Amino acid sequence: MFKNILIPTDGSAVSRKAIKAGIKLAQALGAKVTGYYGIVMLPPSVYGDGDLIEKDVVKTLDRLARATGEKYLDEIAQAAAAAGVEYTGLISKPASAYEGIIEATKKKRCDAVFMASRGRSEFKKLLLGSVTHKVLSHSTVPVIVYR
């Protein structure tokens, strides 16, 4: 059925639950797992009145975000190793979270995405949008949503 399942993470509690369930699925299917973390940077205008943020600060933020992503991906790697599931990880800097997930499926040749749903209220989804909904709408591979 599936041979390479992408499991994106943002480090949240619901994401951690989805990791466990996604690894169990991969183990049952004999599939490998690809962990994914996207570093979504805020546009410079968010930081102030048009002042550009200093390059050193940007480098520090990038380094910290990458270290956070590696920590979260290490959780997937450890769970996969404990289950005897082959694992690879990917960190990227996409324009948006959902675009990163879609790009990761293509880059790592994943044939399914197993991801958590944050369970936002309908009103918040309307205002903020939903990464899960956008992945469901744009993915060319099956998306399994863990709740």
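**Strand 4 and its surroundings**

Trainee: Which residue in strand 4 is the bridge partner of L6?

Mentor: V113 is the bridge partner of L6 there. Keep in mind that this is a predicted model.

Trainee: How many bridges pair strand 1 with strand 4?

Mentor: There are 2 bridges, and the pairing is parallel. Strand 1 covers residues 4–8.

Trainee: And what stands opposite V113 in strand 5?

Mentor: V143 does. Strands 4 and 5 run parallel and are joined by 4 bridges. Strand 5 spans residues 143–146.

Trainee: Which way do its residues point?

Mentor: A112, F114 and A116 point one way. V113 and M115 point the other way. Residues on both faces are buried.

Trainee: New topic. How many residues are in the largest nonpolar core?

Mentor: That core has 22 residues. I5, I7 and I23 have the most contacts inside it. At least two residues come from each of strand 1, helix 1, strand 2, helix 2 and strand 4.

Trainee: What does I7 touch?

Mentor: Skip residues up to four places away in sequence. Then the list includes I19, G22 and I23, along with V33, I76 and F114.

Trainee: What about the second core?

Mentor: It is separate and has 13 residues, among them L6, Y98, A104 and C110.

Trainee: Over to helix 1. How far does it reach from its first C-alpha to its last?

Mentor: It reaches 25 Å with 17 residues. That is close to the 24 Å expected at 1.5 Å a residue.

Trainee: Which of its residues are buried?

Mentor: S15, A18, I19, A21, G22, I23 and A26 are the buried ones in helix 1. They pack against strand 1, strand 2, helix 2, strand 4 and strand 5.

Trainee: What follows helix 1?

Mentor: G30 follows helix 1. Its phi is positive, near 70 degrees.

Trainee: Last one: F2. Where is it?

Mentor: F2 is in the segment before strand 1.

Trainee: Buried or exposed?

Mentor: F2 counts as buried because its relative accessibility is 13%, and the cut-off is under 20%.

Trainee: What is F2 in contact with?

Mentor: Leave aside neighbours within four places in sequence. F2 contacts L29, A31, D111, A112, P142 and I144. Also look at K32: it is 30 residues from F2 in sequence, yet their C-alphas are 8.7 Å apart.

Methods:
Residues numbered from 1 in each chain as written. Predicted model: local features only at pLDDT ≥ 70, side-chain atom pairs only at ≥ 80, totals over all residues. Heavy atoms only, no water. Buried < 20%, exposed > 50% of the residue type's maximum accessible area, 1.4 Å probe, protein only. Pairing = 2+ DSSP bridges. Core = buried A, V, L, I, M, F, W, Y, C linked by side-chain atoms within 4.5 Å. Contact = heavy atoms within 4.5 Å. Expected span 1.5 Å × (residues − 1).
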